[in-house]
Structures are given as C-alpha cells and as structure tokens.
Amino acid sequence: MPFPDSLDIPQEVSRIAERLEAEGFDTWCVGGAIRDNLLGQRNKDFDLATSARPEDVRRLFKRTIPIGVEHGTVAVLDRHRTPHEITTFRRDVKTDGRHAVVEFGVSIDEDLARRDFTINAIAYHPLRREWRDPFDGEGDIERGVVRAVGDPVQRFREDYLRILRALRFAARFGFAIEGSTWEAARDAADGLHHLSAERVRDEWFKGLETARQPSELVRLWEDVGAIGVWLPEVVERGRGKRERDVANRLGRDPVLITAFLSTDPGASLTRLRCSRAEIDRGERIGRFRGTEPDGDDAVAVRRWLAEVGPAADDVLTTWTAAGGDPRLATAVAGVRSSGAPCSLAQLAIDGNTLREMGLREGPLLGKTLRRLLDEVLEDPGRNTTDYLTARARELASGPGSDGNT
C-alpha cells in the first residue's frame, strides 16, 4: 500500500503550517488523522508538530490556548474559532510510567521515535507533500498490525497506558498485536496499577465506543491482565460467550456495557472514578436486572415500571439484547403511550393536595401517596382528583392513621 501522492489537509491547517514554515519552523502533520486517512477513515482533525517552541507559536498567532505548554502543546484558533493542536518536536528525558519530562528542539524523526506505535509514527508535510515513516508504519497498516516503536519494553515502561492504547487500536481496527509487543504488554501489565483511574476509564470507555466488537476489547483486556487489575467484577461475567455476544448488541454505551458485564456495577464504575450519575445508573442496572415481568400482565408491567424508575430503559435494553421475550418491550411501549401513571409525579394529586386536606408532614403523607399510586397501578382509571381525594380521606381516617384530617 504505497503512500498517496497527497492528503486532503484542511485549508486552515495548511495556513497555520504556512505561517510557521515562513518563520523558519519545520512543521509536519502528525497523529491519528494521518493513520485514519491511510486506513480510508475520514478524519480531518490533523495535529501539527513543529520545531517552533510554545512561546513562538503564541507570538505568531493572535488566538491561542495553552492547553499543555509544559508538554509543548498550544492550540491555535482559526478564523472559525476551531482549535488546532500545535506541539513542539520533543523527546522524553525522564519517565515514571505515568508522566514524561520532555525536551524541546529536536527533529521530526526524533519526535516520531518517542511515539507509541508505528501506525501513529507517520508524518506528512502539508506543503511539500512529503511523507516521513521511519518505522514502517505504512507497512504495519497494510499488514494490520499494532507494533511498538523501537523496544516495546521501553515503550510500555515509559507510560503503562500504552498497553491499553494497544488494545484499543487492535479492537478498533481489527488488527493483531505484534508478538514482541504483546509479550511486553503482558509482562508490564502489573504497572497498570500505577495509572490514574481517570486515564484508565477514558481508555476503557473510548475502547468500548470505537471497537468493532466490544467483546473483542473485553477479551484483549482479560488476556493482557488489565481486567483483573481494574475491573475484577467483569472477569466472571465477561468471560462467558453469551454475555460477550449480548455486549455486542448494546450499542456503544460504555456505562451500560460495563454494568451489564459486571457482577457489581457500582463497584466497577466507582473504581473508574465515574460521575455520580454514571455510578447511580450502574447500580440501578445491577439492582433491577433479572426482575423483568411477564409482558402479558399489564398490571405487573406497570408495577415494574414504577419500581425500577429510571433504570427501566437500560434493563429493557439488556433484556432485549439477551433474547428476552419481546412482548415486554411492546407492553412497556403500550403503557407509556397510554399515559398510565407509573410514578408519584404522575398522580392527579400531590403532597400539596394532601396538606390542604389537613394531613401533616410526616410518614403518613408519604405512605398515603404510595398507597394511592398502588391503587392507580392496579387500575389507571382511578387516577382522578375526585377518586384520589376521597381515597386519601378514607386512608387518613382508617385504622393505623392518626386521624389528622
């Protein structure tokens, strides 16, 4: 697969390169957009690598954002206020497996030599239409291989996150991981303990979102040892072929896939430092999966919807993906289209109505509303102000009440 004569570089990127080159700074297009375009995948998010230092870039362009000056990266805003990342040629001088201390002022070849995989170590000059590929990344793209640049042991020792990146690229493109690169990744897997949860989460989520088959990413994580380090709750469920097949039918929703594959979704998502909303969502999925009612029992379906609340769609999605009776999805759609109440908020009266009737704040008020909802779930026709008001009076004055109406 020979390199094309040229790449379709966005005009704004070319203008930035022209300005830098005019000032004497060697400038190349690098990054994932090069790889993706060679794979026939449209990606116009071209990054630039240059001999210009961050202070030079900020001097030459009026609108910039210092998004990573300590690592040599400045974003230049074009006329449409679209940011383009410009990074100074660099090389690592010290690493701890998580962060690198870099040195500026080196050549494009040295810059490419510090990159993780050969398929990401290809550069294209947007003005001279010249290619630079010192590690045969083009050949590895043609062969469908993820291979470390240089010594794979050193590459992973520099940043253990590269192990997870290798898995993501393999799952995304359907590539194999070259033998020595795979062995080095497995041998270095214990170093994954040292990564921040946020970086691991981002790789896991991005991998599930981009993999051809999410199950393939899960398999790679398990085989390399990453699942045992970061997602031990996934080991048992994620190993089963049936569960992996179901995961492939859950769209590209990383929270849903993680929750489905985990024996304890809340624990998995908490360890990955997910948001409170994502953790709550996962916990609800774990709590209510396996509680699905008979789709032919309308009352049971309404009661189920009332109980599971926001988890209904997620549980129903996994139920359907796992080959559950499709009549449940039909029944849920029917309940929703009918407007039948399935929550306290949908009752014809609320707490204010009960207080106006004389019920004091306290356990009785909430208990009364729940009793009313239970009756409405049995028969949605009861959801009228007149019926619920009358029943509230009966309940408040009946056995067990304090007669405060």
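The hairpin of β4 and β5 has 5 residues between its strands, and one of the residues in this hairpin, Arg81, takes a positive phi near 65°. Before going further, a word on the source: this is a predicted model, in which local features need pLDDT of at least 70 and side-chain atom pairs count only at pLDDT 80 or more, while totals for chains, interfaces and linings use all residues. Residues are numbered from 1 along each chain as its sequence is written, and side-chain values use heavy atoms, with hydrogens and water left out. Helices (H or I, at least four residues) and strands (E, at least two) are DSSP runs, numbered from the N terminus.

Back to the strands. Strand β4 (residues 73–77) runs antiparallel to β5, and the two pair over 5 bridges; pairing here asks that DSSP find at least two bridges between two strands. Within this pairing, Thr73 stands opposite Thr87 of β5. On to β2: with strand β5 (residues 83–88), β2 pairs in the parallel sense over 3 bridges, and Leu48 has Ile86 as its bridge partner in β5. Strand β1 (residues 27–30) also joins up with strand β2 (residues 47–50), this time in the antiparallel sense and over 4 bridges. There, Cys29 has Leu48 of β2 as its bridge partner.

What does Thr50 touch, leaving aside neighbours within four places in sequence? Its contacts (heavy atoms within 4.5 Å) are Leu20, Phe25, Asp26, Thr27, Ile86, Thr87, Thr88 and Phe89.

As a rule, most residues other than glycine have a negative phi, and most peptide bonds are trans. Arg129 has a positive phi near 55° without being a glycine, and sits in the loop between β8 (123–125) and β9 (130–132). With 56% relative accessibility, Arg129 counts as exposed. Arg273 is another non-glycine residue with a positive phi, of about 55°; its place is in the loop between α15 (265–271) and α16 (276–288). Arg273 counts as exposed too, at 52% relative accessibility.

Turning to the helices, α10 (residues 214–224) packs against helix α9 (residues 197–210) at an angle of about 140°, with the axes 8 Å apart. Axes are lines fitted to C-alpha atoms, for helices over the stretch in contact, and angles run from 0 to 180 degrees between N-to-C directions. The pair α9 and α10 is therefore oblique; angles under 35 degrees count as roughly parallel, over 145 as roughly antiparallel, 65 to 115 as roughly perpendicular and the rest as oblique. On the α9 side the contact is made by Val200, Trp204, Gly207 and Leu208, and on the α10 side by Pro214, Leu217, Val218 and Trp221. These residues divide into 7 nonpolar, 1 polar and no charged (nonpolar covers Ala, Val, Leu, Ile, Met, Phe, Trp, Tyr, Cys and Pro, charged covers Asp, Glu, Lys and Arg, and the others, Gly among them, are polar).

Helix α8 (residues 179–187) meets α10 as well, with axes that come within 8 Å and cross at roughly 65°. That makes α8 and α10 roughly perpendicular to each other. Here Trp182, Ala185 and Arg186 of α8 meet Leu220, Asp223 and Val224 of α10, a set with 4 nonpolar, no polar and 2 charged residues.

As for aromatic rings, the whole structure holds 7 aromatic pairs. Rings of Phe, Tyr and Trp (its six-membered ring) pair if their centres lie within 6.5 Å; planes under 30 degrees apart count as stacked, over 60 as edge-to-face and the rest as tilted. Phe169 and Phe173 form a stacked pair, 6.3 Å centre to centre with 10° between the planes. They are 4 residues apart in helix α7 (residues 161–173), which means a separation of about one helical turn.

Finally, Leu373 is found in helix α21 (residues 363–378) and, with 11% relative accessibility, counts as buried. Not counting residues up to four places away in sequence, Leu373 touches Cys342, Ser343, Leu344 and Leu347.

Conventions:
Buried means under 20% relative accessible area, exposed over 50%, partly exposed in between (1.4 Å probe, protein chains only).
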